[in-house]
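Dear colleague,

I am handing over the structure we talked about, and I would ask you to keep it open beside this message while you read.

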Amino acid sequence: MLNKEFDMTAKTPSVPLIKIPITAQVESLRPHYTPEQKLVIKAKIAEKLKEQDAVLIAHYYVDRDLQELAEATGGYVSDSLDMARFGHEHPAKTLIVAGVRFMGETAKILNPEKRVLMPTLEAECSLDLECPAASFYQFCDQHPERTVVVYSNTSAAVKARADYVVTSSIAVELISWLDEQGKKILWAPDRHLGRYIQQVTGADMLLWQGACIVHDEFKHLALAELKEKYPEAGVLVHPESPEKVIQLADAVGSTTQLIKAAQTLPHPRFIVATDSGIFYKMQQAAPDKEFIAAPTMGEGATCKSCAHCPWMAMNGLHNLLQVLETGKNEIFVEEAIRVKALRSTQRMLDFAKLRRS
């Protein structure tokens, strides 16, 4: 890592307080089905998807049943970048996005002609909620000399004010590219990811002070103790995690990058510091390996997320079937905002495409 020093917190606005659901409580409210009942519901959903020329696109962090169903019906399971790309390239007239609200908005930004539905519109993201557009616009106006780069975990309105949108899978490379051009960066909203990128690239970055409620709960001392208990285990860490947690990692990366690391690293087991919903795809990718959730703040009812996002947990078979039956929970984005947000979002897709070629 480079040793340049920048004041990364100067004049940054205060992050608003938000109401955070408790994951355990959210999960307790979801219907519980027998295996036979699940088969019936999944069959109904598959039939509805076909009838409505719809495709199910699910994030790694949603319930395993939804990930399995997406794969079984010709849909897709991935990170937010690949979800956006898949939905944009797929011919289906309706996109069902199982994740959180900004993912549905991104799908609509890229596909104004398509109907975009979500199992629930209550599935928010702490990073999005902690970066309200009005405060963010004011912050940008105070620093007109900086190139504005926002994480995909933001509202359409925030994306509309940005020069670039990024996901964690391309953030380091894009910021490095901008730094090479002498650009100073205004980054939002995740402070941990922003600090990690700044340390890796040496770029001059002014950081918004938001945080993901899941990753912010991982604790380095408890993780170090778990490493001592399992000395043969590798540690996989998402860069939205606190700096001291990242320092304990054998691999740091986006969800997709962490899945690849689980495949390629030689460790027989891994301690994973990201949402535990990812275990479904990790076990698919490396069936001979064991995965352990990294310790969070408290245990059981005393922790907010327990390594699983409460808003992601709001997605289930019950409300997926309901939205297909009713057509409710459609995502709309004001056209003037959509057009502006499309510019920065398309730049993300174009940069990712160039990187792959």
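Tryptophan 208 is buried in this predicted model, with a relative accessible area of 0%, and its place is in the loop between strand 8 and helix 11, which covers residues 220-229. A polar atom of the side chain of tryptophan 208 lies 2.9 Å from the backbone oxygen of glutamate 130. If you look for valine 15, you will see that its C-alpha atom and that of tryptophan 208 are separated by 8.1 Å, although the two residues are 193 residues apart along the chain.

The sheet comes next. Strands of a sheet pair through backbone hydrogen bonds, and the pairing is either parallel or antiparallel. Here 4 strands form an open sheet in the order 6-5-7-8, with parallel pairing. Strand 6 and strand 8 are the edge strands, since each of them pairs on one side only, and from one strand to the next the twist averages 25°. Strand 7 and strand 8 run parallel and are joined by 3 bridges; leucine 186, for its part, has leucine 206 in strand 8 as its bridge partner. Helix 7, residues 133-142, packs on the sheet, where it touches strand 5, strand 7 and strand 8, and its direction makes about 165° with that of strand 7. Helix 10 also packs on the sheet and touches strand 5, strand 7 and strand 8, with a direction that makes about 165° with that of strand 8.

The loop between helix 7 and strand 5 holds arginine 146 and also histidine 143. Is arginine 146 buried or exposed? Its relative accessibility is 14%, and because the cut-off for buried is under 20%, arginine 146 counts as buried. The side chain of arginine 146 is joined to that of aspartate 204 by a polar contact of 3.2 Å. Leaving aside residues up to four places away in sequence, arginine 146 touches several residues, among them Asp163, Lys184, Leu186 and Leu206. Histidine 143 is buried as well, with a relative accessible area of 11%, and its C-alpha atom is separated by 9.9 Å from that of lysine 184, which is 41 residues away along the chain.

Helix 9 is followed by glycine 182, which has a positive phi, near 80°.

Finally, the cysteines. A disulfide is a covalent bond between the sulfur atoms of two cysteines, and a search of the whole structure finds 0 disulfides. Cysteine 309 is in no disulfide either, as the nearest cysteine sulfur, that of cysteine 212, is 6.7 Å away. Both cysteine 131, at 2% relative accessibility, and cysteine 309, at 10%, count as buried.

Definitions and conventions. Residues are numbered from 1 along each chain as its sequence is written. This is a predicted model: local features need pLDDT of at least 70, side-chain atom pairs count only at pLDDT 80 or more; totals for chains, interfaces and linings use all residues. Side-chain values use heavy atoms; hydrogens and water are left out. Helices (H or I, at least four residues) and strands (E, at least two) are DSSP runs, numbered from the N terminus. Two strands pair if DSSP finds at least two bridges between them. Axes are lines fitted to C-alpha atoms, for helices over the stretch in contact, and angles run from 0 to 180 degrees between N-to-C directions. Contact means heavy atoms within 4.5 Å. Buried means under 20% relative accessible area, exposed over 50%, partly exposed in between (1.4 Å probe, protein chains only). A polar contact is a pair of N or O atoms within 3.5 Å; within protein, one must be able to donate a hydrogen and the other to accept it, and residues adjacent in sequence count only if both atoms are side-chain atoms. A disulfide is a pair of cysteine sulfur atoms within 2.5 Å.
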